Amino acid sequence: MHQFDWGFVNYYFLQYFGDNPFGFTALDIKALFMGATGCTWYETKSSAIGKVVNPNQKGDHDALHHARYQAELFRLVYELRQKANLTL
């Protein structure tokens with residue numbers, strides 16, 4: 001999730017549910033990928049992650065496509081972490 005997305009999501013959780021279930025300890029795709037692969041921060045662009053996990057979705061500037069692409073990247077990186085037998 002991008003930084004600007006976090007503020008949006010946080011606002012709506014607080015506005016409509018009264019609490020953000022993620023608090024301020026959410027895990028982003030880049031950090032998870034770094035932990036799973038041992039790469040550097042500079043190697044965590046979506047395009048670089050995509051080359052490792054091979055998503056079916058494509059990222060573009062359509063909000064729904066982008067959300068689906070990011071969700072798939074997260075799932076694939078999470079599975080990669082599980083294969084590496086790492087724990088959170």
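This report describes the confidence, the nonpolar core and the aromatic contacts of a predicted model.

Across the chain the pLDDT averages 85, and 91% of the residues score at least 70. Confidence is lowest in helix 1 (residues 3-17), where the mean is 81, and highest in helix 3, where it reaches 92.

**The nonpolar core**

The largest nonpolar core is made of ten residues, namely Ile 29, Leu 32, Phe 33, Cys 39, Ile 49, Val 53, Tyr 69, Leu 73, Leu 76 and Val 77. Two or more of these residues come from each of helix 2 (29-37), helix 3 (46-53) and helix 4 (63-83), and helix 4 gives the most, with four residues. In soluble globular proteins, nonpolar side chains tend to be buried together.

**Helix 3**

The buried residues of helix 3 are Ile 49, Gly 50 and Val 53. They lie on the same side of helix 3, because the arc that they cover around the axis is only 105°. Helix 2 and helix 4 are among the elements that cover these buried residues.

Val 53, which is found in helix 3, has a relative accessibility of 12% and therefore counts as buried, the cut-off being under 20%. Not counting residues up to four places away in sequence, Val 53 touches Leu 73, Leu 76, Val 77 and Leu 80. The C-alpha atoms of Val 53 and Asp 28 are separated by 16 Å, with the two residues 25 apart along the chain. Just after helix 3, Asn 54 takes a positive phi of about 50°.

**Aromatic rings and charges**

Phe 8 counts as exposed at 54% relative accessibility, Tyr 12 as partly exposed at 35%, and Phe 17 as exposed at 64%. Ring pairs also link Phe 8, Tyr 11, Tyr 12 and Tyr 16 into a cluster.

Charged side chains also lie over rings: the charged end of Lys 30 sits over the ring of Trp 41, 5.1 Å from its centre, while Arg 81 lies over the face of Tyr 78, at 4.5 Å from the ring centre.

How values were computed. Residues numbered from 1 in each chain as written. Predicted model: local features only at pLDDT ≥ 70, side-chain atom pairs only at ≥ 80, totals over all residues. Heavy atoms only, no water. Core = buried A, V, L, I, M, F, W, Y, C linked by side-chain atoms within 4.5 Å. Buried < 20%, exposed > 50% of the residue type's maximum accessible area, 1.4 Å probe, protein only. Arc of directions from axis to C-beta. Contact = heavy atoms within 4.5 Å. pLDDT = per-residue confidence, 0-100. Phe/Tyr/Trp six-rings, centres within 6.5 Å; stacked < 30°, edge-to-face > 60°. Lys NZ or Arg CZ within 6 Å of the ring centre and 35° of its normal.
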